[in-house]
Amino acid sequence: MRYSSLLPDVIRIADEASEKVLHIYQSEFKVHFKEDNSPITAADLAANDIIVQGLRRVARDIPIVSEESAEAPWEERKHWRRFWLVDPIDGTKDFTQRTGEFTINIAMIEDGEPVMGVVIAPALKEAYWGVKGEGAYKRDRTGKARHIRVAELRDSLRVVASKNHLNEDTRAFIAKLGSHETVQAGSSLKFCRIAEGHADIYPRMGPTCEWDTAAAHAVLAAAGGKVQTLEGEPLKYGKENVLNPWFIAAGSWYL
Ligand SMILES: Nc1ncnc2c1ncn2[C@@H]1O[C@H](COP(=O)(O)O)[C@@H](OP(=O)(O)O)[C@H]1O
Ligand SMILES: [Mg+2]
């Protein structure tokens with residue numbers, strides 16, 4: 001089975017989750033806090049249910065790792081060649097602060113690489129998807145999808161970075177880039193802005209988990225960009241520890 005044949009189903013499942021999430025976003029929702037003090041709402045859990053059940057229906061044999069589901073033990077996970085990596089809502093803080101900049105993220109990982117990804121921003125009515133070797137696409141609020149590609153090298157870099165987690169190390173890295181403009185984007189939309197040519201580089205000298213980055217990483221890679229560790233290695237998935245190392249995402253001209 002070619003994984004790209006599953007893409008229409010994955011987009012449909014993400015759209016279904018998006019509709020439910022938007023409904024909750026537009027209502028009076030309660031915010032709870034997880035053990036690590038990160039926020040969670042009914043939207044994270046409702047989206048998780050729709051996505052996990054949907055993926056099980058279309059591909060019963062492919063295991064799932066999700067931010068909001070209990071994780072299989074490493075002894076089991078380490079044998080997985082292919083799996084789904086899901087963040088039902090990335091940017092929960094943006095969700096609770098009602099900035100609109102939160103996303104639904106579904107990726108397929110094969111041999112440690114994100115080979116397919118779907119990212120939907122329900123409140124912005126934007127969707128991105130990408131498949132290794134088959135390009136990347138954006139569907140805008142009119143419902144029309146178009147091919148997207150990273151920008152070419154330019155004189156003044158457009159830097160996109162986390163506003164909620166902009167720490168000293170990231171600031172120091174950005175300062176060394178010299179003349180630049182700043183592009184604002186929450187959650188995994190930062191990768192998507194590079195993929196569609198609206199930003200050039202996203203330095204993340206701080207923690208993220210594999211599910212935060214995988215789907216948008218797949219979109220960016222399919223659009224001609226890269227995500228690398230500070231050692232210049234490609235960012236890999238399916239690690240024993242789900243925390244990512246620090247990374248830089250950019251158009252391929254940079255890395
Ligand atoms: N200390 C930490 N450890 C792990 N992940 C962290 C973290 N601080 C932030 N993140 C991740 O960064 C994401 C938000 O990034 P940003 O601020 O750039 O939008 C969060 O996603 P969630 O909203 O899915 O929890 C969270 O997973
Ligand atoms: Mg997340």
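**Ligand shell, domain contact and helix packing**

By class, the shell around ligand 1 comprises two nonpolar, nine polar and five charged residues (Ala, Val, Leu, Ile, Met, Phe, Trp, Tyr, Cys and Pro count as nonpolar, Asp, Glu, Lys and Arg as charged, and the others, Gly among them, as polar). The model is predicted: local features need pLDDT of at least 70, side-chain atom pairs count only at pLDDT 80 or more, and totals for chains, interfaces and linings use all residues. Residues are numbered from 1 along each chain as its sequence is written, while chains are lettered from A and ligands numbered from 1 in the order in which they are written.

Of the 16 residues around ligand 1, those that come nearest are Asp-90, Thr-92, Ser-162, Asn-164 and Pro-207 (a residue is near if its C-beta atom, placed from the backbone, lies within 6 Å of the molecule). Two or more residues of this shell are given by each of β4 and α4 (DSSP runs numbered from the N terminus, with helices being H or I of at least four residues and strands E of at least two). Ligand 1 lies between domain 1 (3-148) and domain 2 (157-251), because both give residues to its shell; the domain bounds come from an automatic or database assignment.

The centres of the two domains, taken over C-alpha atoms, are separated by 18 Å. In domain 1, 40 residues are in contact with 27 residues of domain 2 (C-beta atoms, placed from the backbone, within 7 Å). β6 supplies seven residues, the largest share of the side of domain 1 that touches domain 2. That side has 21 nonpolar, nine polar and 10 charged residues.

Helices α1 (residues 7-25) and α2 (residues 42-58) pack at an angle of about 160°, with axes 9 Å apart (axes are lines fitted to C-alpha atoms over the stretch in contact, and angles run from 0 to 180 degrees between N-to-C directions). α1 is therefore roughly antiparallel to α2, a term for angles over 145 degrees.

Technical notes. Parallel < 35°, antiparallel > 145°, perpendicular 65-115°, else oblique. Contact = placed C-beta atoms within 7 Å.
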